[in-house]
Each structure stands twice: as C-alpha cells, then as structure tokens.
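Work through the exercises below with the model open. Try each task before reading its solution.

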Amino acid sequence: MALIFLFASALCWTLFDLARKTLASSESPLALTLAFNVGAIPLYATAWFFSSEGVAPADYWVPSFIAAVLAAIAALGFITALKLGDIARVIPVLALTPVISTLAAGVILNESMTLLQWLAMLVTIVAIIGAQGGLHHVRGKPFLLMLLVCFGWGLGIVFDKQALAHSGPFFHGLVQTSAGSVILMLFAVTTGLQARLTGRLIRVIPALLIFVGAVVFQWLALTDLDAGVIETVKRSIGIIGALLAGALIFNEQVSRAQILWCLVILSGIPVILQPELSL
C-alpha cells in the first residue's frame, strides 16, 4: 500500500503544480499559498472529526512544530525567490531536496539506503537538473533562497514522519495548515504583499482538493517508506509530468536532451524502490 500511496501522492503533486501554474498567471504566489493553507483547514478538521483519530500526545508537538516552521520558511523562501528570479531558472535547485531528506533521515530517524540506492538517487538528481536546464545559470540571491527552500522541504518531511508516529494524518494536517496560515498571515501583514485572491474562490477549489490529496497520500506513504525515497520519486515523477503537460497542454517544446534525461530518471526509479519492490 505504501507504494500505491507514494505514486498517488506524486501524481497529485504533478497535477497540483500544473493547476498552480495556471492560477499563478492571475494570482500572486503568496495569495495562492495562503489560500491553499486556509482552505485546507476545514477539510482536515472535517476529516479528523469523522475519523477515529484523537488529539495527539505530548511527544507529537515538538516535531510537529518544527515541521510547521520549516514548511513556512520554505513557502516564504519559494515566494521570495519567484519574485527575484525567473521560475524556470531557479526551480532546478529543488532537485537537491532528496539529498537533504536522505541525510537528515539518517541522522534523525536512523534510516539508511543501500549504496546502489544512493547511486541511483544521485544519478536521478543529476538527470532532473539536466531535464530542467541545469544549474549553470542559477546564481545570486534566488539561488540561495531556493537552497533555503530545499532545506525547509527536505528537513520538513523528516519531522513530519517523526510527528506522524504519534498522530494520524488528518490531525497532523489540521495542525500544520493552521500554524502555516498564521505564519503566512503575519508575513503578509509585515511585508504588505498582496495576500488576497483577485479572482473567484471557486477557481482554487480543484487545486485545493488535489493539494490535500497530495499531502495526505505522502504522509500515508511515510509510514513505511524512507523520506529520501519519497522525495526522490516525487521529484522524478514531477519533472516528467511537468514536461509532458508543457508539451501537451501549453505547446512547449521538449528537446531530445530532455527526453534522454527523462529516460534516465525513469530507469532510476525501480532501483531506488528495489528494496520495497522485492518484498
């Protein structure tokens, strides 16, 4: 089931990125991020109310708080980086997230990957960066901000897993989105940035549902899979999905080099998942 949850989450993240790309043409990144966090609160609250989950014990709150802060830092860093640099130029940096997740999970959760998995992950990361144009043109403050985003998301998933050992996904989602909403609102007030949607709220609802599905499926996969494995597979499917969507929906050109990089990515996924596939 963990593999099913993983691929469901990766598919949802791909669809969410596509929906967010469409919405971003008319809405500010901060307004969208805040709308997704605030909009998810009643969904998680309803699911938690009708589930068998109770209030989490004391051991839950420290890793949950750390995960919420890291997620907020990553979101704010992502928003700021998009303001300073072309998104196509800074997005490739996010391919480094799985390395951070794997190293952090080894230290905090005592998770370990085989040498073959490490090699496959590193080759896949190089392929993801290559498929997105490389890092040679990424520099300056946008690059540093995206590194901060990598650390936020890479470490955050590890503390999510630690917190979920003491809580169900719906209660955890309620806590995380509530905390994230407060931090984002404070950021909006202090910076004066546009934090309200300019269009109709109903336009955001499909993306919101996909977003919640992506997060819940990811948390369910975390119960049995290593954080680094999840991040690598998620990024792999995400870039392939983005290139396919760009070609089929937005009429973007896909080069032969990008196709070759995608084939490398696809060949790396079974190797990374090999211990799970052999069970």
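Ala, Val, Leu, Ile, Met, Phe, Trp, Tyr, Cys and Pro count as nonpolar, Asp, Glu, Lys and Arg as charged, and the others, Gly among them, as polar. The model is predicted: local features need pLDDT of at least 70, side-chain atom pairs count only at pLDDT 80 or more, and totals for chains, interfaces and linings use all residues. Residues are numbered from 1 along each chain as its sequence is written, and side-chain values use heavy atoms, leaving out hydrogens and water.

**Exercise 1. Describe the lining of the second largest pocket by class and by element.**

Solution. 
- On a 1 Å grid over the protein atoms alone, a pocket is an open set of points where a 1.4 Å probe fits, with protein on both sides within 12 Å along at least five of seven lines; lining residues have an atom within 4 Å of a point.
- Sort by class. The lining has 10 nonpolar, one polar and one charged residues. Among them are Val38, Gly39, Arg196 and Leu208.
- Assign elements. Helices are DSSP runs (H or I, at least four residues), numbered from the N terminus. Helix 2 and helix 9 are the elements that give two or more residues to this lining. Helix 2 gives the largest share, five residues.

**Exercise 2. How do helix 2 and helix 9 cross, and which residues make the contact?**

Solution. 
- Take the axes, lines fitted to C-alpha atoms over the stretch in contact, with angles from 0 to 180 degrees between N-to-C directions. Those of helix 2 (residues 29-50) and helix 9 (residues 205-222) come within 10 Å and cross at roughly 65°.
- Classify. Angles of 65 to 115 degrees count as roughly perpendicular, under 35 as roughly parallel, over 145 as roughly antiparallel and the rest as oblique. Helix 2 and helix 9 are therefore roughly perpendicular.
- A crossing is right-handed if the near helix is turned clockwise from the far one by less than a right angle, left-handed if anticlockwise. This one, helix 2 with helix 9, is right-handed.
- List the contact (heavy atoms within 4.5 Å). Helix 2 brings Phe36, Gly39, Ala40, Leu43 and Tyr44; helix 9 brings residues including Phe211, Val215 and Trp219. The classes are 12 nonpolar, one polar and no charged.

**Exercise 3. At what angle do helix 2 and helix 8 cross?**

Solution. 
- The axes of helix 2 and helix 8 (residues 169-191) come within 8 Å and cross at roughly 150°.
- So helix 2 is roughly antiparallel to helix 8.
- The crossing of helix 2 and helix 8 is left-handed.
- Their contact holds 17 nonpolar, seven polar and no charged residues.
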